[in-house]
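Hi,

Here is the structure I said I'd pass along.

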Amino acid sequence: MFKEIVPHQFSMNPFKLLSRDWMLITAGNKDKVNTMTASWGGFGEMWGKHVAFIVVRPQRYTKEFLDREDAFSLSFFDDEYKEALSYLGTVSGRTEDKIKKAKMSVNYSSDVPFIDESRVVFFCKNLYKEAINPESFILDSIKDSWYSNEDYHVLYIAEITRVLKKTNK
Ligand SMILES: Cc1cc2nc3c(=O)[nH]c(=O)nc-3n(C[C@H](O)[C@H](O)[C@H](O)COP(=O)(O)O)c2cc1C
């Protein structure tokens, strides 16, 4: 069971939430859904809206789903799911039914898929996307460290339209 909360009722350290706990980016429709682990991104305020931003490399299968649909979800979990998140961030949904193998299940809110085992879910509506431009780096060492394959992340900025919190936690 989930209940809706307003974004400012969500009090978590965003640094811990992303770099230590990680999240799942889930996108798709009633027929096909994919999810992947992510630890880069952020939350904030943009264009008068609460927003999340995520960065996804071009080769991720999840990117195809993000580009096809208007909306996606970001899920956060209790520590017990860390191993599952590690698996979902190593294997591609192109090659196996990884959601099933991770023993997770898909749920929907207004047709947007999310992972039912989540502690908190952010529902996001895409507003803007752009590939990281290699010519825009001010600190070239970042480009050298992270993009030796020239697989520049695509940045998505999305409005957080709804936040659901598990009620029994
Ligand atoms: C802790 C962790 C964080 C990750 N963060 C990102 C990220 O922010 N962006 C990204 O493109 N890939 C990230 N990945 C890699 C993807 O999760 C991974 O390549 C995944 O297998 C992609 O699955 P897919 O092909 O089914 O989309 C991360 C992986 C892990 C383990």
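Below is what turned up, starting with the ligand and then moving to a hairpin and some backbone angles.

Bear in mind that this is a predicted model.

The ligand first. Its shell is made up of 20 residues, and the closest are Tyr-61, Thr-62, Gly-89, Ser-92 and Gly-93. By type, the shell splits into eight nonpolar, nine polar and three charged residues. At least two residues each come from β3 (33-38), β5 (49-56) and α2 (61-68), and β3 gives the most, with four.

Next, the hairpin. Two residues sit between the strands. Ser-110, in that turn, has a positive phi of about 50°. Asp-111 also lies in the loop between β7 and β8, and has a positive phi of about 70° despite not being a glycine. Asp-111 counts as exposed because it has 11 C-beta neighbours inside 10 Å, and the cut-off is 12 or fewer.

β8 itself (residues 112-115) is covered on both faces: Val-112 and Phe-114 are buried on one side, Pro-113 and Ile-115 on the other.

Last, Trp-22. This residue is in the loop between α1 (14-21) and β2 (23-28), and it too is a non-glycine with a positive phi, about 70°. Is Trp-22 buried or exposed? Trp-22 is buried, since 20 other C-beta atoms lie within 10 Å and the cut-off is 20 or more.

Cheers

Notes
Residues are numbered from 1 along each chain as its sequence is written. This is a predicted model: local features need pLDDT of at least 70, side-chain atom pairs count only at pLDDT 80 or more; totals for chains, interfaces and linings use all residues. A residue is near a molecule or strand if its C-beta atom, placed from the backbone, lies within 6 Å of it. Ala, Val, Leu, Ile, Met, Phe, Trp, Tyr, Cys and Pro count as nonpolar, Asp, Glu, Lys and Arg as charged, and the others, Gly among them, as polar. Two strands pair if DSSP finds at least two bridges between them.
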